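Welcome, and please take a moment to look over the chain below. The report that follows walks through its confidence, its helix packing and a few individual residues.

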Amino acid sequence: MNYLKTFVGIISRFKSLKYVLVVVIAVLIVGFLDENSVWNHFRNKRTINELREEISRYQSIYESDQQQLKKLDNDPKAIEEIARERYFMKADDEDIFVLDEE
């Protein structure tokens, strides 16, 4: 408790020290402790940039899927190609050999 009294006594002797102390405390509160602090602002900016990158990635995937759907609607050979490659379907006069890479 004596330390606190001596600290308050030193501050009360120097009038400009009071203002400096108040400004420093205010900067600390606004910079680091407040809900709208500078620290949170930078963290939110980083999150926004990550989300924008994710949005652009999903948009490119969406566009490629849309192109593939248009291709499937217009070209019956594309349906046959997907059925053969992905689902190992075959025509009646064919034999399919699946090679395992292990």
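This is a predicted model, and the mean pLDDT of its chain is 84, with 100% of the residues reaching 70 or more.

**Helix packing**

Let us turn to the helix pairs. Two packed helices are described by the angle between their axes and the distance between the axes. The table gives these values for two pairs.

| Helix pair | Angle between axes | Distance between axes |
|---|---|---|
| Helix 1 (residues 2-13) and helix 2 (residues 15-33) | about 110 degrees | 5 Å |
| Helix 3 (residues 38-74) and helix 4 (residues 76-87) | about 115 degrees | 5 Å |

Take helix 1 and helix 2 to begin with. On the helix 1 side, the contact is made by Phe 7, Ile 10, Ile 11, Ser 12 and Arg 13, and helix 2 contributes Lys 15, Leu 17, Lys 18 and Leu 21. Sorted by class, this contact has five nonpolar, three charged and one polar residue.

Now for helix 3 and helix 4. With an angle of about 115 degrees, helix 3 and helix 4 are likewise roughly perpendicular to each other. Here Gln 68, Lys 71, Leu 72 and Asn 74 of helix 3 meet Pro 76, Ala 78, Ile 79, Ile 82 and Arg 86 of helix 4. By class, the contact between helix 3 and helix 4 has five nonpolar, two polar and two charged residues.

Is Ser 37 buried or exposed? Its relative accessible area is 2%, and buried means under 20%, so Ser 37 is buried. Setting aside neighbours within four places in sequence, Ser 37 is in contact with Val 30, Gly 31 and Phe 32.

A polar atom of the Ser 37 side chain lies 3.2 Å from the backbone nitrogen of Asn 40. Asn 40 itself sits in helix 3. With a relative accessibility of 16%, Asn 40 counts as buried. The side chain of Asn 40 has a polar atom 3.0 Å from the backbone oxygen of Glu 35. Not counting residues up to four places away in sequence, Asn 40 touches Asp 34 and Glu 35.

Asn 2 lies in helix 1. With a relative accessible area of 59%, Asn 2 is exposed. The C-alpha atom of Asn 2 is separated by 89 Å from that of Phe 97, and these two residues are 95 residues apart along the chain.

Glu 101 belongs to the segment after helix 4. At 81% relative accessibility, Glu 101 counts as exposed. Between the C-alpha atoms of Glu 101 and Leu 33, the separation is 57 Å, and Glu 101 and Leu 33 are 68 residues apart along the chain.

How values were computed. Residues are numbered from 1 along each chain as its sequence is written. This is a predicted model: local features need pLDDT of at least 70, side-chain atom pairs count only at pLDDT 80 or more; totals for chains, interfaces and linings use all residues. Side-chain values use heavy atoms; hydrogens and water are left out. Axes are lines fitted to C-alpha atoms, for helices over the stretch in contact, and angles run from 0 to 180 degrees between N-to-C directions. Helices (H or I, at least four residues) and strands (E, at least two) are DSSP runs, numbered from the N terminus. Contact means heavy atoms within 4.5 Å. Ala, Val, Leu, Ile, Met, Phe, Trp, Tyr, Cys and Pro count as nonpolar, Asp, Glu, Lys and Arg as charged, and the others, Gly among them, as polar. Buried means under 20% relative accessible area, exposed over 50%, partly exposed in between (1.4 Å probe, protein chains only). A polar contact is a pair of N or O atoms within 3.5 Å; within protein, one must be able to donate a hydrogen and the other to accept it, and residues adjacent in sequence count only if both atoms are side-chain atoms. Angles under 35 degrees count as roughly parallel, over 145 as roughly antiparallel, 65 to 115 as roughly perpendicular and the rest as oblique. pLDDT is the predictor's confidence in each residue, from 0 to 100.
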